[in-house]
Amino acid sequence: MVLNALAIDPGRTWKGPWRWFDDSMLDCCEPLEKIKSQGITFGKVACLAVCNGAQVEPFRTDQSSIEDFRERVVSCTSSEDCHLIVSYNRAVFKQTGTGHFSPIGGYHAGKDMVLILDVARFKYPPHWVPLSLLWDAMNTIDKATGHYRGFMVMSKLQKATSVLYTMSCKHENWNVVAKYLTEDLPLLLTSKNLKDVNDVLCVVFRSAPSSLRDFIKWIAEVRRQDDGSTVLSEEEKGRVALKEEVLKQIRETELFKNVTGYLGFERSLCKSEAPLGYTDSLADIAANVCCQVAGLLTGKIRSLNGCCKDIKLRKSVCKEPVTVVSGTVTTDGTEQMVDMLIPSSETKPSCSFDFDQNSCSGIPPSIGDGLTVLLVALPQDTWLGLKEEKLQAEMKGLTSADCLPTLLQEEVLHLQRQLYFLKADLNISPSSS
């Protein structure tokens with residue numbers, strides 16, 4: 001409701017030519033089937049908004065006040081530029097259920113009441129409640145997280161949202177990875193006598209949970225295939241070009257050279273396995289891509305076995321060829337032809353990690369790209385524990401976003417915002433209302 005009210009473009013159609021958000025698109029932070037059965041945490045709702053192009057200011061009641069809340073309500077209900085979502089306990093209103101999220105639709109200053117646009121309209125139509133009572137309902141602790149509920153102010157992000165990468169919480173151990181990156185890793189670095197960047201990367205990646213590979217995901221363009229045409233619209237070409245520019249900028253960083261150098265060393269030690277379990281072969285990318293599309297269409301996590309058939313790799317018909325993965329996805333007994341547009345870069349880091357061993361051109365996002373951007377997204381104080389001052393300064397320089405090109409800098413800032421919200425949900429049960 002709020003994403004649509006802010007006129008944020010989901011980047012894909014809803015029905016016919018119309019592009020609106022619906023529930024099936026809100027899957028970047030948690031599997032849809034899990035949300036439906038178990039709910040979602042305050043932090044992940046904020047993360048969900050961020051990864052779909054919104055700017056979010058979250059406020060838990062123990063970090064705010066009823067006066068500040070009233071001020072925000074007045075501001076958002078008298079403007080089209082921001083909207084307010086509240087997280088509250090229904091029981092305080094003597095309604096059935098417990099934790100719930102809904103947006104605020106209006107404010108009556110004379111009676112100090114707010115209009116809740118309850119998203120469960122089959123249970124409760126929009127209703128007015130005293131602002132003080134709503135504050136009491138928000139000022140409750142979510143038993144699953146141990147944190148207070150609260151409210152968040154959402155507005156449209158004026159800068160470009162993430163175009164290439166996102167942090168994913170869809171796997172069960174996302175909180176283990178987030179804790180490792182934000183809490184364990186800084187402590188780990190203080191306990192080691194490291195001499196150079198390769199030593200640091202060795203500690204970072206060898207000590208990481210195996211699910212690190214599931215934590216950073218690249219975003220592909222998805223579309224339903226109606227007529228079998230590989231012709232791209234100007235808009236699609238523009239978005240893919242933007243992704244390819246970000247990919248190119250990642251590969252031009254000094255950190256990328258260090259990361260790929262480390263990965264090449266690891267691969268030479270263990271020739272039978274890709275580092276951290278990643279596979280960059282084009283066939284595996286195609287299978288994974290097709291199953292991502294199946295997951296998007298069904299709202300369910302799909303295994304690689306049997307989710308797609310007739311997977312094909314094609315080049316689009318346009319001036320700058322784009323790799324297109326096409327396949328047939330079966331959802332609820334109905335077959336649907338789908339395409340996913342894969343960005344690639346002509347940058348030549350090293351043939352040793354090219355997904356296609358026969359060529360160094362047209363390389364899609366791979367392990368080196370993802371790990372590079374993930375390292376830059378980490379807080380700068382991650383490296384404060386390094387004992388060698390020269391090495392500490394070098395790591396800070398390699399991972400600083402300050403001097404990056406604007407597109408890549410915005411990509412990194414987006415991931416940093418996601419990590420900030422995910423960190424708020426650490427050490428808790430993975431789901432809640």
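Analyst: A pocket here is an open set of points on a 1 Å grid over the protein atoms alone, with protein on both sides within 12 Å along at least five of seven lines. Grid points are joined across faces, edges and corners, and the volume is the space filled by probe spheres set on the points. The lining of this pocket comprises 34 residues, and those closest to its centre are Asp23, Leu26, Ile35, Phe101 and Val119; a lining residue has an atom within 4 Å of a point.

The model is predicted, so local features need pLDDT of at least 70 and side-chain atom pairs count only at pLDDT 80 or more, whereas totals for chains, interfaces and linings use all residues. Residues are numbered from 1 along each chain as its sequence is written, and side-chain values use heavy atoms, with hydrogens and water left out.

At least two lining residues of the second largest pocket come from each of α1 (2-5), α2 (32-38), α3 (42-51) and β3 (99-108). The strand β3 gives the most, with five residues. Helices (H or I, at least four residues) and strands (E, at least two) are DSSP runs, numbered from the N terminus. By class, this lining has 18 nonpolar, ten polar and six charged residues. Nonpolar covers Ala, Val, Leu, Ile, Met, Phe, Trp, Tyr, Cys and Pro; charged covers Asp, Glu, Lys and Arg; the others, Gly among them, are polar.

The largest cavity holds about 70 Å³ of space. Twelve residues line the largest cavity, and Phe42, Arg60, Asp142, Thr145 and Tyr148 lie nearest its centre. Its lining has three nonpolar, five polar and four charged residues.

Of its 433 residues, 50% count as buried, that is, under 20% relative accessible area with a 1.4 Å probe, protein chains only, as against over 50% for exposed and in between for partly exposed. Among contacts (heavy atoms within 4.5 Å) with a separation of 6 or more, 66% join residues 24 or more positions apart.

Definitions and conventions: 1 Å grid on protein atoms, 1.4 Å probe; cavity = no way out; pocket = protein on both sides within 12 Å on 5 of 7 lines; lining within 4 Å.
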